[in-house]
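Subject: Structure for your review

Hello,

Please find the structure below. My notes on what turned up in it follow.

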Amino acid sequence: MRFLVLFIFLLIGSISMAQSDLLAKNYFEQGEFEKALTLYEKLYEKNPVRLDYFMALVETNQQLEDFVTAEKLLRDQINGRRIMPQLYVDLGYNFSLQNKDIEAIENYKKAIDMINEYPNYVYNVGKAFESYSLLEYAATVYENAMVINPALDYNIQLARIYGEQGKVEEMFVKYIDLIEKNPSGKNIAQHNFSMYVTNDPSNEANIILRKTLLQKLQKNPSILYNELLSWLFIQQKEYKKAFVQEKAIYKRTGDNLRGLGDLALIAIADDDYENAVPVVEFIIDNSATPEAKLQGYQYLLQIALKTTPEKEYASVKKQFEDLFETYGDGAETYLLQIDYNHFLAFKMGEKEIAISNLKKLSKSRLTSYQEARIKMELGDILVFDEKFNEALIYYSQIQRKVQSDVLAQEARFKVAQTSYFKGDFEWAQVQLDVLRKSASQLIANDAMELSLMIRDNSLEDSTQTALKKYARADLLSFQNKNIEAIAVLDEIIINHKGESIEDEALLKQGELYEKTEQYEKAEADYLKLIEFYNDDILSDDAHFRLAELYENHLNEPDKAKDLYEKLIYNFADSIYFVEARKRYRMLRGDAIN
């Protein structure tokens, strides 16, 4: 019983302390420093070993410009039993707040000198300097420590500091040193490189990184440098140069085509088919297994589907059929068969044949995941054929088949989308509300977008007339009937002018005009959306799409630059912010990102 009472007493004390801590922080953040000071004095008195309470007490006195008390607190702690060299940094900063630079520098040097005697405190002292943005001193601490004890590694801290100081070459070298010792740090290094590297090969940071890697490669032909050069060329969209590096890597390892496969997919996704094809052909020629060769042929067919004019579709069909003769039409080629039947339905107009083929394939000996992938394609083709109820059955089966996979969430989204196409907005909304909490960010974002569109356009129109028309236009777009979709959207823009759906219709029509290469009409739609709905949720979409249009199709880079600048300053929380900033700086001719 005595222990229980003691436990309850300690628990109450702990809760009370936590509440006081939160209240003190709140007062400090609100600028009520006198109130914060009273609480921190009590907290520190009860917990003299808590360094966070001590530092909060020092900072609060500094905010009240009571530098004498702050200095006394720091000196008392320095003269105490605990060894804390970083406190000399705090004491020096206290002097700098009073413009006593000589005393500040003296204490900074004391902190650095103590590292010789107490090397275990390097990190604490370095972080203290960093917290006050005293980067030169922080760099000195880490550099000295590595000289004193070569076993220590502060390259990652130094690399970050060099980057903040604008010492780009030193930063690159340090990160490369880091991954030479620990290859698992390559992803961290590339992430940090991407803050400086752009897709412009003439950007100063790109030039510095390329020269640094080439110099290292000449001295030591390590695969690491080939990998980093390949990564750099991919950022610059120079896939031919990346291919040279990936071939060099393959020839030295001799057993891994993964990097080449990734490069092929990146080039295909970027519509650079001219440079993607040689990469894929190299993969096919050097694949050790039939499965790997087949994957290469699939990549070639994906390119063919995107580049072959409609009048030559028969030749694409023949390429599929030739592969089936070689590799069969069983479960082993199920992905190829999905691509083939998608082509039959969406390009050749042979929907019934595609549906029949996929139903037959779904009865083969397959894994649950393979069956789910096939049924997803079946559902999509049935939606394309406007057989909504049958499509919904397949999407529901997928959710049961692969419950824990992201494919199940995708199927739920397809249920919502199909219900939306057929005008059952209430059921679509139910599914979308679940998906807004999806583990897949992409699906969650798509669900949020469609959910908001349905909800916003159901409030002022109880009959949902305009929304039904918009859903019809969306379906026509899905069916590749872009001209018909544009006509339906035109009807919405004319007959429902001023209603909440008008901005959605303008944006969608602008996108379809772009697809059909009617760029001036797309420009007009985006300009109208910006003029009349500049405060709307879709305004940043319109700004970004119009900027891209000016940059890529209408050859008006100055107009594009102006729009990217407006996005940066007026839409800081936009999903386009980072890309807009990069494009703006490139068009402005900045040297380093």
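Which residues form one aromatic cluster with Phe346? Phe346, Phe384, Tyr420, Phe421, Phe425 and Phe478 make up that cluster. Rings of Phe, Tyr and Trp (its six-membered ring) are paired if their centres lie within 6.5 Å; planes under 30 degrees apart are stacked, over 60 edge-to-face, and the rest tilted.

Some conventions before the rest. The model is predicted, so local features need pLDDT of at least 70 and side-chain atom pairs count only at pLDDT 80 or more, while totals for chains, interfaces and linings use all residues. Numbering starts from 1 along each chain as its sequence is written, and side-chain values use heavy atoms, with hydrogens and water left out.

Aromatic pairs

By the ring rule above, the count comes to 24 aromatic pairs. In one of them, phenylalanine 243 and phenylalanine 282, the ring centres are 5.8 Å apart and the planes stand at 80 degrees, which makes the pair edge-to-face. Phenylalanine 243 is in helix α14 (residues 239-253) and phenylalanine 282 in helix α16 (residues 273-286), so this pair ties together parts that are 39 residues apart in sequence. Helices here are DSSP runs (H or I, at least four residues), numbered from the N terminus. Phenylalanine 243 and phenylalanine 282 are buried, where buried means under 20% relative accessible area, exposed over 50%, and partly exposed in between (1.4 Å probe, protein chains only).

Phenylalanine 346 belongs to helix α19 (residues 334-346) and phenylalanine 384 to helix α21, so the pair links parts that are 38 residues apart in sequence.

Glutamate 377

Helix α21 (residues 368-384) also holds glutamate 377. Glutamate 377 is buried yet has no salt bridge, a salt bridge being a side-chain nitrogen of Lys or Arg within 4 Å of a carboxyl oxygen of Asp or Glu. The nearest side chain of opposite charge is lysine 414, 7.4 Å away; for charge, Lys and Arg count as positive and Asp and Glu as negative, with His and the chain ends not counted. The side chain of glutamate 377 does make a polar contact with that of histidine 342, at 2.8 Å. A polar contact is a pair of N or O atoms within 3.5 Å; within protein, one must be able to donate a hydrogen and the other to accept it, and residues adjacent in sequence count only if both atoms are side-chain atoms. Neighbours within four places in sequence aside, glutamate 377 is in contact (heavy atoms within 4.5 Å) with Ile338, His342, Phe346 and Leu358.

Cores and a covered helix

The largest nonpolar core has 96 residues, and Phe320, Tyr420 and Ile454 touch the most other members. Such a core is a set of buried Ala, Val, Leu, Ile, Met, Phe, Trp, Tyr and Cys residues joined through side-chain atoms within 4.5 Å. A second, separate core of 91 residues includes Leu37, Phe129, Tyr196 and Ile234.

Helix α5 (residues 86-96) is mostly covered, with nine of its eleven residues buried. The elements covering those buried residues include α3 (51-63), α4 (67-78), α6 (101-117) and α7 (122-131).

Salt bridges

The structure holds 31 salt bridges. In one of them, aspartate 76 pairs with lysine 72, the closest N and O atoms being 2.9 Å apart. The two are four residues apart in helix α4, which means they are separated by about one helical turn. Aspartate 76 is partly exposed at 45% relative accessibility, whereas lysine 72, at 55%, counts as exposed.

Glutamate 136 forms a salt bridge with lysine 167, with 3.7 Å between the closest N and O atoms. Glutamate 136 is in helix α8 (residues 135-148) and lysine 167 in the loop between α9 (155-165) and α10 (168-181), so the pair ties together parts that are 31 residues apart in sequence.

A further salt bridge joins the side chains of lysine 317 and glutamate 350 (3.5 Å, N to O). Salt bridges that share partners also join Lys351, Glu352, Asp385 and Lys387 into one network.

Regards
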